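Please find below a note for a colleague who is opening this structure for the first time. The points are numbered so that each can be checked against the display.

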Amino acid sequence: MPTYKAPLDDMRFVLHDVLDVAQLSALPGYEEATPDLIDAILEEAGRFCAEVLQPLNQPGDAAGCTYEQGEVKAPPGFKEAYQQYCAGGWPALTADPKYGGQGMPHLMRSVVEEMMCASNLSFAMYPGLAHGAYHAMHTHGTEELKDKLLPKLVSGQWGGTMCLTEPHAGTDLGIITTKAVPAGDGAYRLTGTKIFISAGEHDLTENIIHLVLAKLPDAPGGTRGISMFMVPKFLPTDEGRPGTRNGVTCGSIEHKMGIKGNATCVLNFDNATGWMVGDANKGMRAMFTMMNGARLGVGLQGLGLGEVAYQNAVAYARERLQGRSLTGAKNPGGPADPIIEHPAVRQGLLRVKALNEGNRAFAYWIGMHIDLEHRHPDPARRAESADLVALMTPVIKAFLTDTGFESTNIALQTFGGHGYVREYGMEQFVRDARIAPIYEGTNAVQAMDLVGRKLPEGMGRLLRRFFHPVSAEVEASRADPALAEFVEPLAKAFERLQQATQGVAMRSMANPDEAGAAAEDYLHLLGYVTLGYMWLRMVKAARARLAAGADDRAAFYEAKVATGRFYFAKVLPQVHALAARIAAGATTVMSVPVDAF
Amino acid sequence: MNIARAAVIGSGVMGSGIAAQLANAGIPVVLLDIVPPGAADRSILARGAIERMLTVEPLALMHKSFAARVTPGNVDDDLALVADADWIIEAVLEDLEVKRALYAKLEAVRKPGSVVSSNTSTIPLSLLTREMPASFAADFCITHFFNPPRYMRLLEVVAGPATRAEALDAVRRCGDVQLGKGVVDCKDTPGFIANRIGTLWMECAVTEAFRLGLTVEEADAVCGKPMGIPRTGVFGLFDLVGIDLMPHVSRSMLATLPADDAYRGVRVEQPVIAAMIAEGRTGRKGKGGFYRVAKTDAGRVREAMDLVTGAYRPARDAKLASLAAARKDLRALVTHPDRGGQYAWRVLSQVLHYATSLVPAIADTIVQVDDAMKLGYGWERGPFELVDQLGAGWLAAALAREGRTVPPLLAAAADRTFYRVDGGALQFLGTDGTYRDVPRPDGVLLLADVKRRGAPVAKNPSAALWDIGDGVLCLEFTSKMNALDQFSIEMLARAVGTIGDGTGAHSALVIYNEGPNFSVGANLGGVLLAANTAAWKTIDALGAAGQQALTSLKYAPFPVVAAPHGMAFGGGCEVLLHSSAIVAHAELQAGLVETSVGLIPGWGGCKELLLRGFRKHGDDLIKVIGGAFQAIGQARSSRSAAQARDLLVLGDGDTITMNRDRLLADAKARAVAMRPGYRPPEATALRLPGAMARDLMVAQVEAMVATGKATPHDVVVAAELAGVLSGGATDPSRALSDDDMFNLERAAFGRLIRTPATIARIEHMLATGKPLRN
């Protein structure tokens with residue numbers, strides 16, 4: 001049975017030594033978010049995830065959700081765990097104090113989310129979607145709706161969903177057909193079918209708030225004619241209790257490859273009562289508030305699964321005795337050496353370790369900029385952070401889920417045949433991780449968002465928020481010759497990225513297929529360079545701690561430097577292949593006739 | 001006969017505009033008007049007109065010093081002044097008796113052989129010369145200018161049966177070469193060519209818009225870009241020329257047009273428009289027109305008038321499926337079933353029917369008709385070119401289907417086109433049904449013609465190289481707005497390399513193009529993308545490549561003549577500064593405007609402006625360096641080639657060509673003339689004062705910050721500029737080379753492009769087209 005222990009040392013290292021999270025407590029409203037309190041929250045979250053959520057993960061996968069006459073039951077134990085989750089105040093962690101929240105920085109939610117996804121992704125998705133609904137309502141809802149509903153979401157009493165996809169409309173939301181007709185009393189009546197609705201129906205909460213995209217009768221065609229509606233499972237009474245059952249029912253649940261403990265539902269809306277959230281025909285904008293947050297959350301799923309898979313693979317590689325080391329026995333007293341002594345196994349584990357730790361720094365860095373975007377007193381700084389977050393949202397989503405899936409695979413491989421059987425739980429991580437590159441906008445869509453929208457915006461204005469800090473970091477670090485082995489590979493990779501950016505921008509103007517054909521490679525190129533930037537900062541932070549006399553913690557910081565060294569030597573060079581593929585352009589892709597396939 | 005002196009009688013809008021253009025051409029001109037009753041200054045009208053030439057936009061004079069070329073007077077006291085004039089232009093009231101009385105007086109004082117012409121737009125020549133002495137009729141013609149005469153290129157010339165060929169040639173030649181006009185010979189028919197067709201088009205476009213219920217925005221969107229007509233469309237054009245003009249023009253057209261003329265059926269009196277005129281809502285000069293700019297709480301809002309109610313509402317972009325279809329081709333527009341398509345068909349079919357039925361009645365050739373509409377109304381394509389776009393056979397069939405007559409010329413074209421390219425030559429269909437070459441006057445060389453004849457010597461995405469004969473190559477910029485990028489630079493270097501030592505097939509280079517602008521400067525979007533991605537090396541490399549290319553241009557062993565027109569800003573201006581000579585179109589807008597985007601000239605602009613300063617002012621360092629500091633620091637640009645001389649962009653040896661069509665031939669002739677014994681300039685050796693001069697200049701700008709005349713980033717930019725212009729860490733004992741100056745420029749450029757305030761300026765310029773004051 002797999003285990004999980006929150007990597008608190010690694011988390012604290014990123015938060016304190018690399019990102020200096022203490023600066024958040026200088027922002028208005030975050031005064032209480034001191035490093036001490038942050039550490040205490042991490043401790044407690046780590047304990048909850050390891051002791052409550054993780055033990056339910058494998059059984060939850062085996063049992064799955066059950067559907068009976070419109071009612072859906074989450075796997076055994078989920079409901080009790082959810083009650084503990086609410087009792088611990090976790091749904092309120094970063095919510096607005098006005099509605100009962102604790103008002104902690106958004107960054108804290110990212111950290112806790114990583115732990116929850118690592119320990120039990122299926123479970124984590126229930127409150128994750130509720131939080132998304134909270135966020136969208138908080139930003140776009142009327143005061144009346146907010147007063148009524150937000151306290152329920154913040155306390156965790158009620159759940160939430162986002163309902164976008166329809167049987168014929170996935171990536172292309174412009175063609176949805178769910179209708180919303182004004183009821184005359186300010187409410188609307190919704191009719192239509194939504195599919196693939198995560199947490200669409202379950203028994204964890206007494207009520208569920210669905211945020212639904214639909215079209216008004218006179219709506220223009222395409223995405224400019226979509227509005228967002230709040231449709232509760234039970235219509236709230238004046239006292240705020242679940243009242244009459246609304247016309248939304250679960251038709252069935254999907255049987256799927258992974259995340260089996262989370263209910264993926266077909267929802268039928270039949271004259272269901274709803275209220276508009278945001279402006280008429282501006283639903284995509286409102287939904288994007290939710291989706292951008294959700295995309296960062298999905299990225300954390302990749303990271304969390306990569307981390308838990310790594311922890312179990314390392315434990316196995318230390319214990320599993322098989323063959324002798326190529327350079328002589330390392331365990332002469334035993335029948336064989338632990339497989340961690342073999343270069344192939346090490347290399348795989350180091351790759352996963354370097355990606356996990358780099359991805360974590362990347363995700364928390366952007367998480368911190370979400371807080372800066374919303375809370376910094378200087379509007380110019382807010383705008384800069386907003387640009388960086390907008391640029392990196394598709395990268396976090398796609399890069400962290402692609403590398404997260406890769407990591408679970410490498411970790412499974414460490415187990416050999418034992419990885420392929422259920423007992424060790426490794427195959428569940430792979431199956432669970434496989435959804436992340438698909439939902440919330442496939443990774444190809446993320447890449448097009450990056451190359452087609454984020455890159456050209458303001459002739460690279462969003463890029464500036466990343467390229468300038470990297471350029472400055474490289475230039476500053478070059479002053480220290482001891483950093484050369486880290487800086488120079490990054491400088492070279494960065495140059496590749498600069499060239500690829502110019503090339504893609506120029507070629508795309510003449511031919512949009514060039515953008516499409518370069519998009520995923522470009523996203524990965526940007527991802528690897530970003531991790532290089534994060535690793536340079538991590539190496540410098542670790543070296544600073546070592547120089548200051550880290551004493552009993554020296555091994556930890558030395559391991560950081562060593563992992564960074566591995567990243568620059570063995571992972572980052574992938575950028576050169578990516579750059580070559582990007583430079584090759586679209587011709588070889590698009591010139592092949594369809595009949596040739 | 002040569003026109004050395006001229007006189008204009010009548011100092012109204014047209015008369016004073018014509019006088020100003022004569023002055024612009026360097027021709028001394030007497031401007032006379034009547035004596036207003038009781039005026040203390042009896043020449044007050046002419047004097048006031050000269051004043052307005054310098055102040056009223058768009059400015060009539062190309063340089064303020066040219067006002068001295070206009071001598072004001074009045075017809076009562078000063079008529080004798082016209083005795084010196086070779087050409088006397090009458091631009092008085094459109095009243096036959098007033099004109100004839102004036103002619104009688106002129107006949108008494110003008111010198112023998114002088115030409116008299118009328119700027120009438122409505123009165124037939126036959127009426128003007130009736131009962132006048134034979135000597136007058138022999139020297140008389142109509143020269144019809146368009147408003148404003150400096151900027152509108154059409155000059156319609158109408159000769160009478162008695163007009164001397166020599167007199168006519170003198171006027172044509174002066175109009176073409178000296179005044180820069182496109183001279184089109186017209187027959188003595190009402191409205192001549194441009195207004196005959198133009199007024200029908202305007203009336204028709206208004207009538208049909210009312211009939212089909214289009215908004216003014218929709219009508220202007222259809223009657224604009226898709227037809228190659230200026231963005232103002234029809235209602236916007238009425239606002240521009242004055243809506244109250246409509247009834248006057250209509251009355252005079254109706255009075256003189258043939259009884260069966262199509263115009264008579266087109267015009268419909270619109271009560272809404274009559275009300276507008278009555279209320280003084282006559283367009284831009286009045287209290288608004290079909291459009292107006294309203295000041296509201298939210299700022300200035302452009303509004304449009306509802307054609308049904310006459311009330312104003314915020315203007316909105318026209319959204320019609322037919323407009324989207326028009327992107328495909330013109331036929332897709334006129335066959336589209338929506339109201340935009342119906343409108344396009346009704347307007348265009350009537351206009352083209354009219355135009356094709358008027359040749360040879362109003363002009364000998366279709367070329368003259370097309371030229372008149374292009375030069376006089378700013379159409380990109382004349383009526384016969386529009387017919388070719390639709391297909392003559394298709395149009396004839398469509399007209400016939402609707403039961404309309406098919407004009408003989410259109411029927412004769414059958415399935416042929418009115419224009420074709422044969423053996424590399426542009427040809428037109430004559431009224432006899434055969435094709436002949438489109439004539440080009442002597443001294444006109446068009447790159448468009450060169451391109452029809454064959455392939456370029458070299459070509460890349462942003463530039464091309466053409467052989468224009470006599471051993472001369474022409475470098476053409478081809479990018480959007482002719483912004484300069486790495487490809488433009490590569491082609492500059494390639495041009496120099498191709499000509500080599502000048503002893504081979506080619507021995508001179510002309511830099512010229514036929515886009516709207518010579519070059520708006522370096523591609524700012526590309527620079528911004530590079531800056532945003534911290535691609536400092538790329539930026540520096542582009543700087544170095546530009547410097548290298550322009551150096552090779554400057555020191556080439558053969559003459560390089562730049563022939564700029566329109567805008568030549570920033571890098572485009574630096575190309576001029578490194579050429580052996582400049583032959584500029586008179587309407588050149590040039591300047592080193594980099595500081596408006598927080599940069600300084602990086603391709604040798606600072607260096608070359610200093611060199612020109614030393615040539616002009618000797619060793620007067622304050623004038624040389626201070627002058628360059630002001631010109632570049634304030635991002636000054638010229639609004640004419642004459643002003644560009646003040647900015648030292650043009651030097652004493654550089655010449656100005658008035659007629660846009662003659663620019664290439666003039667530049668080529670200049671290059672050929674420079675070729676024998678050509679020696680490139682000597683290597684640069686600049687002795688500059690160093691840091692102290694720099695500090696003085698910076699202190700000036702710092703002082704301006706205190707008074708709000710300069711911004712904090714102006715100081716940063718000015719400090720870099722002053723550093724370059726004063727030679728960096730130098731002193732007068734050292735001679736700075738081209739490379740020394742290039743290094744200073746590039747280093748300063750590299751520092752500025754890294755500042756957020758400069759990036760903000762570039763972003764703002766790209767987003768709004770206006771400089772950011774930060």
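This is a predicted model: local features need pLDDT of at least 70, side-chain atom pairs count only at pLDDT 80 or more; totals for chains, interfaces and linings use all residues.

1. In the domain assignment, chain A is divided into domain 1 (8-65 + 74-140), domain 2 (156-284) and domain 3 (451-591). The centres of domain 2 of chain A and domain 3 of chain A, taken over C-alpha atoms, are separated by 40 Å.

2. For chain B the assignment gives domain 1 (6-186), domain 2 (194-422), domain 3 (447-522 + 555-592 + 638-663) and domain 4 (594-636 + 682-774). Between the centres of domain 2 of chain B and domain 4 of chain B, again taken over C-alpha atoms, there are 50 Å.

3. Where the two chains meet, eleven residues of chain B are in contact with 13 residues of chain A. On the side of chain B that touches chain A, helix H22 (524-532) and helix H32 (756-768) of chain B each supply at least two residues, and H22(B) gives the most, with five residues. Sorted by class, this side of chain B has six nonpolar, four polar and one charged residues.

4. Chain B holds an open sheet of eight strands in the order S3-S2-S1-S4-S5-S6-S7-S8, and the pairing is mixed. Strand S3 (70-74) and strand S8 (182-186) of chain B stand at the edges, and because each has a single partner strand, one side of each is left without a neighbour in the sheet. From one strand to the next, the twist averages 25 degrees.

5. Two pairs in this sheet show the mixed pairing in detail. Strand S1 (residues 6-9) of chain B runs parallel to S2(B) and is joined to S2(B) by four bridges, with Val30(B) as the bridge partner of Ala7(B). Strand S6 (residues 140-145) and strand S7 (residues 154-159) of chain B, on the other hand, pair in the antiparallel sense over five bridges, and here Cys141(B) stands opposite Ala159(B) in S7(B).

6. Is strand S2 (residues 29-33) of chain B mostly covered or mostly open? S2(B) is mostly covered, since five of its five residues are buried. In a regular strand the side chains alternate between the two faces of the sheet. In S2(B), Val29(B), Leu31(B) and Asp33(B) point one way while Val30(B) and Leu32(B) point the other way, and all are buried.

7. Helix H6 (residues 165-178) of chain B lies across strand S4 (87-90), strand S5 (115-118), S6, S7 and S8 of chain B, and runs at about 20 degrees to S6(B).

8. Further along chain B, strand S9 (residues 291-296) and strand S10 (residues 299-305) run antiparallel and are joined by six bridges, with a hairpin of two residues leading from S9(B) to S10(B). In this pair, Tyr291(B) stands opposite Ala304(B) in S10(B).

9. An open sheet of three strands in chain B has the order S12-S13-S14 with antiparallel pairing. Its edges are strand S12 (419-422) and strand S14 (435-437) of chain B, each with a single partner strand, so one side of each is left without a neighbour in the sheet. Neighbouring strands of this sheet are turned by 40 degrees against each other on average, direction ignored. Strand S13 (residues 425-429) of chain B is joined to S14(B) by three bridges, and Phe428(B) stands opposite Arg436(B) in S14(B).

10. In soluble globular proteins, nonpolar side chains tend to be buried together. The largest nonpolar core in this model has 437 residues, and those with the most contacts inside it are Leu211(A), Phe229(A), Tyr522(A), Leu525(A), Val29(B) and Val510(B).

11. Two single residues complete the note. Thr66(A), in strand S1 (residues 66-68) of chain A, counts as partly exposed because it has 14 C-beta neighbours inside 10 Å. Thr66(A) and Gly261(A) are 195 residues apart in sequence and 9.3 Å apart in space, C-alpha to C-alpha. Ala104(B), in helix H3 (residues 96-109) of chain B, is exposed, with 12 other C-beta atoms within 10 Å.

Key:
Residues are numbered from 1 along each chain as its sequence is written. Chains are lettered from A and ligands numbered from 1 in the order in which they are written. Domain bounds come from an automatic or database domain assignment. Two residues are in contact if their C-beta atoms, placed from the backbone, lie within 7 Å. Ala, Val, Leu, Ile, Met, Phe, Trp, Tyr, Cys and Pro count as nonpolar, Asp, Glu, Lys and Arg as charged, and the others, Gly among them, as polar. A residue is buried if 20 or more other C-beta atoms lie within 10 Å of its own, exposed if 12 or fewer, and partly exposed in between; C-beta atoms are placed from the backbone. Two strands pair if DSSP finds at least two bridges between them. Axes are lines fitted to C-alpha atoms, for helices over the stretch in contact, and angles run from 0 to 180 degrees between N-to-C directions. A nonpolar core is a set of buried Ala, Val, Leu, Ile, Met, Phe, Trp, Tyr and Cys residues joined through C-beta atoms within 7 Å.
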